[in-house]
Amino acid sequence: MRLTIIGCSGSYPGPDASASCYLVEADVGDGDDKRTWRILLDLGSGSLGVLQRHADALAVDAVLFSHLHPDHCSDLCGYYVLRKYHPDGAQPRIPVYGPTGVAERMSEAYGLPDGAGMADAFDFREYAGPITLGPFTILPIPVEHPVEAYGLRISVGQSTLGYSGDSATCEGLDRIAANTRLFLCEASFREVDDNPPGIHLTGVEAGATAARSRTGRLVITHVPPWFDADGMVAEARTAYSGPIELAATGATYEI
């Protein structure tokens, strides 16, 4: 499978990146029977525009939200318009997975009245165990954050990608990262600061999680624009000796 970084800025869009959004693709079949499956991990503020540089936005098969903070889900409002009112006609409904109340939360965000909400464009589903989408097997795992939040393990065959979502250090985070080929992990806090508990990881904590979980590669993401992102990577290097990179818009990884 392929991971493309669409948005990687923490908490709000930065000058060089939109908020969180990651495109994961996998090809099935050969020749005329070849089919590319595409899922989005989050669709945060500003990411829908960037997505269109890297893929046909109408060719997405599903959206999976880690949690329902705006920097991870707000561009579903624009995506609703794109799919519902496209000049070629309303597009087929696709599944949108998320925490409890995802359908109501997104309908409220767009200002839709009670009732159908966005159901004419999206098939909203709340997390309730493993998910199979084409070649993807996806395991949502609860993590520690001030709201109901999940990290995701995405597997195709023997290859597994771990995505932290937003999380503090917790047992669920270790399960997400365990023995993955690539661990896409947030680092929003600096180790030198007096950080509130139960919200985000420092760079050191992201690196320590990667080392403890024996991931093959660590990609640091969700660094807020007010921090030096390279400094966050330097923090992670003090705790993890494997390959580390900083997520950047347009970067692609074969997993």
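Two strands count as paired if DSSP finds at least two bridges between them. On that basis, this predicted model has an open sheet of seven strands in the order β6-β5-β4-β3-β2-β1-β14, with mixed pairing. Strands β6 (122-126) and β14 (252-254) stand at the edges; each has a single partner strand, so one side of each is left without a neighbour in the sheet. Direction ignored, neighbouring strands here are turned by 20° against each other on average.

Within this sheet, β1 (residues 2-7) pairs with β2 (residues 21-28) in the antiparallel sense, over five bridges. Threonine 4 has leucine 23, in β2, as its bridge partner.

## Helices on this sheet

Helix α1 (residues 47-54) lies across β1, β2 and β3 (35-41). The direction of α1 is at about 140° to β1. Helix α3 (residues 76-84) also packs on the sheet, where α3 touches β4 (62-64), β5 (94-98) and β6. The angle between the directions of α3 and β6 is about 145°.

## Sheet from β7 to β13

Another open sheet of seven strands runs in the order β7-β8-β9-β10-β11-β12-β13, and its pairing is mixed. The edge strands are β7 (131-133) and β13 (244-246); each is paired with a single strand, so one side of each has no neighbour in the sheet. From one strand to the next, the twist averages 20°.

Strands β9 (residues 149-156) and β10 (residues 159-163) are antiparallel partners joined over five bridges. Helix α7 (residues 229-237) lies across β12 (218-221) and β13, and runs at about 165° to β13.

## Cysteines

How many disulfides does the structure hold? There are zero. Cysteine 73 is in no disulfide, and the nearest cysteine sulfur, that of cysteine 77, is 7.7 Å away. A disulfide requires a pair of cysteine sulfur atoms within 2.5 Å. The sulfur of cysteine 77 has that of cysteine 73 as its closest cysteine sulfur, and because the two are 7.7 Å apart, they are too far for a bond.

Are cysteine 73 and cysteine 77 buried or exposed? Cysteine 73 is buried, with a relative accessible area of 1%. Cysteine 77 also counts as buried, at 13% relative accessibility. The cut-off for buried is under 20% relative accessible area.

Key. Residues numbered from 1 in each chain as written. Predicted model: local features only at pLDDT ≥ 70, side-chain atom pairs only at ≥ 80, totals over all residues. Heavy atoms only, no water. Buried < 20%, exposed > 50% of the residue type's maximum accessible area, 1.4 Å probe, protein only. Helix = DSSP H or I, 4+ residues; strand = E, 2+ residues; numbered from the N terminus. Axes fitted to C-alpha atoms, helices over the stretch in contact; angles between N-to-C directions. Contact = heavy atoms within 4.5 Å.
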